[in-house]
Amino acid sequence: MWKASRYAHYNDFRTFIMGIQGNTAVFGDGVVYEGCDDDDDRKRQYRGQTGAQDDIIPTMDIFSGVVDRYPDNMLTKYLLDLRSYRPPCVQRFFADLGKYAPALHTTVAGNRELSIIMLGIVEQIYYFRNGHWQFVQRYIMGNTRHPVATGGTPITSWLPNQIEAVLKTMADISAKSIGAARPGEDSPEYQRMLDKYAQRVALLENQLAELNTVDFNVDRVFDLNKERDDVISFGGQKAQAAGA
């Protein structure tokens, strides 16, 4: 990624994939697209390229019940708004899956073994989102202090909003459907996930505490990953801190 992206020229490239909506500091109240239709003078606002337009993670969120733990805030509203940027067939798929998922959740909740399997599935969602969050820390926050991501969402709170929902889902499945580990009966993976849970909660809390300081240290935010949980590989490359 680092060789291909030429991260030293980060700010030259990223401007061209920035969304209009949410980036009022750059685009004001919209952009006029001349010569496109009869309403040439109307200012338009579209979101930019973002990982939140992926289809796999929303599918897994609905399938696992993570979507039911999304916080009721503007960040979640942004996330759901991005569904409208997908083809109609994908939007219908999400809606259909949402209709049938509750019955699946009820079945899983009544079976200890299935609940442990579902917990493992949600953990994989955590790994994906926390890995994405680490890329944001290294690739974006390590190169700019511009507070808005390409999709028009706030950089320092967007992914933590979803990670919190994932952690809440893991806690609910464990507490309500599984309970304490049963050595010799449960998969060893369940005890491992229980042991990791508190570390993951503390990791996110400590990162957000650092980010809430006036002059937060990006390297410190990333280094917390090394103290608490698995760190994704960056190919031996290290992003240069913004302003360095």
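These notes cover the helices I checked in this predicted model.

Helix 6. I looked up its extent: helix 6 covers residues 88-109, which is 22 residues. From first C-alpha to last I get 32 Å, close to the 32 Å expected at 1.5 Å a residue. I then checked for bends and found a kink of about 35° at Y100, shortly before the proline P102.

I next asked which residues of helix 6 are buried. I list V90, F94, L97, A101, H105 and V108. I note that residues three or four places apart point the same way, because an α-helix has 3.6 residues a turn. The buried residues of helix 6 pack against helix 4 (56-64) and helix 7 (112-140).

Helix 8. I count 24 residues here, with a reach of 35 Å from first C-alpha to last, close to the 34 Å expected at 1.5 Å a residue. After helix 8 comes G179, and I noted its positive phi, near 85°.

Helix 5 against helix 8. How do the axes of helix 5 (residues 74-81) and helix 8 (residues 155-178) cross, and at what angle? They come within 10 Å and cross at roughly 85°. That angle lies between 65 and 115 degrees, which means helix 5 is roughly perpendicular to helix 8. On the helix 5 side I find L75, T76, Y78 and L79, meeting S157, W158, N161 and Q162 of helix 8. Sorted by class, this contact has 4 nonpolar and 4 polar residues, and no charged ones.

Notes: Residues numbered from 1 in each chain as written. Predicted model: local features only at pLDDT ≥ 70, side-chain atom pairs only at ≥ 80, totals over all residues. Heavy atoms only, no water. Axes fitted to C-alpha atoms, helices over the stretch in contact; angles between N-to-C directions. Helix = DSSP H or I, 4+ residues; strand = E, 2+ residues; numbered from the N terminus. Parallel < 35°, antiparallel > 145°, perpendicular 65-115°, else oblique. Contact = heavy atoms within 4.5 Å. Nonpolar A, V, L, I, M, F, W, Y, C, P; charged D, E, K, R; others polar. Expected span 1.5 Å × (residues − 1). Bend = angle between axes of the 7 residues up to and from the residue. Buried < 20%, exposed > 50% of the residue type's maximum accessible area, 1.4 Å probe, protein only.
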